[in-house]
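Visitor: I am new to this structure and would like to learn how to read its strands. Could you walk me through them?

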Amino acid sequence: MEEEMYSVEQVADLLGLHVRTVRGYIRGGRLNAVRIGKQYRISRSDLEAFTGQQAPVPTAAVSVEVSSIVQVDGVDRRSADRLGTLVLAGVNSAREASRPLRVQTVYDEERHRLKVVVLGSAGDTAEVLRLLEAVIEGGMHSGEGGNG
């Protein structure tokens with residue numbers, strides 16, 4: 001039978017630590033882990049050796065994913081590209097990679113319309129929506145391209 005493997009996020013939750021702390025233990029050699037792609041996996045036996053006690057069984061977490069489509073009318077291509085770049089940069093730089101958050105932008109040249117599609121947790125999605133609102137209300141597209 002295969003040994004149970006934990007993600008860095010699961011180990012952080014089980015031990016009451018921050019994800020960065022667990023990653024630091026792995027990089028420092030204090031906690032053994034296997035790298036699979038871009039993520040680490042920690043075996044149950046390695047976690048038990050690290051803590052000196054039997055690893056707790058993680059409880060099944062409730063998972064919520066939110067999908068949102070934001071439509072911005074009356075925006076020209078240049079402004080749409082700037083808005084999309086700004087949002088994607090904000091999403092990529094301001095968040096921990098522990099939970100997936102997907103953001104995609106689509107521009108309709110004929111209708112001067114930008115659509116921003118967001119998929120992720122409720123909290124992460126809300127942050128993206130607040131960022132979009134702040135940028136748009138701050139005059140990011142400033143009426144360029146007409147009032148659609």
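Guide: Gladly! Keep in mind that this is a predicted model.

Visitor: In what sense do β1 and β3 pair, and over how many bridges?

Guide: Here is the general idea: strands of a sheet pair through backbone hydrogen bonds, and they do so either parallel or antiparallel. In this case, β1 (residues 5-7) pairs with β3 (residues 39-43) in the antiparallel sense, over three bridges.

Visitor: And how does β2 pair with β3?

Guide: Strand β2 (residues 34-36) also meets β3 in the antiparallel sense, with three bridges. Look for R35, which stands opposite Y40 in β3. The hairpin of β2 and β3 has two residues between the strands, and G37 there takes a positive phi near 65°.

Visitor: What is the order of the strands in the open sheet of three?

Guide: The order is β4-β6-β5, and the pairing is antiparallel. β4 (66-73) and β5 (102-108) stand at the edges with a single partner strand each, so one side of each has no neighbour in the sheet. On average, neighbouring strands of this sheet are turned by 15° against each other, direction ignored.

Visitor: How many bridges join β4 to β6?

Guide: Eight bridges link β4 with β6 (residues 113-120), and the two run antiparallel.

Visitor: Which helix lies across β4 and β6?

Guide: That is α5 (residues 122-137), which runs at about 10° to β4.

Terms used: Residues are numbered from 1 along each chain as its sequence is written. This is a predicted model: local features need pLDDT of at least 70, side-chain atom pairs count only at pLDDT 80 or more; totals for chains, interfaces and linings use all residues. Side-chain values use heavy atoms; hydrogens and water are left out. Two strands pair if DSSP finds at least two bridges between them. Helices (H or I, at least four residues) and strands (E, at least two) are DSSP runs, numbered from the N terminus. Axes are lines fitted to C-alpha atoms, for helices over the stretch in contact, and angles run from 0 to 180 degrees between N-to-C directions. Contact means heavy atoms within 4.5 Å.
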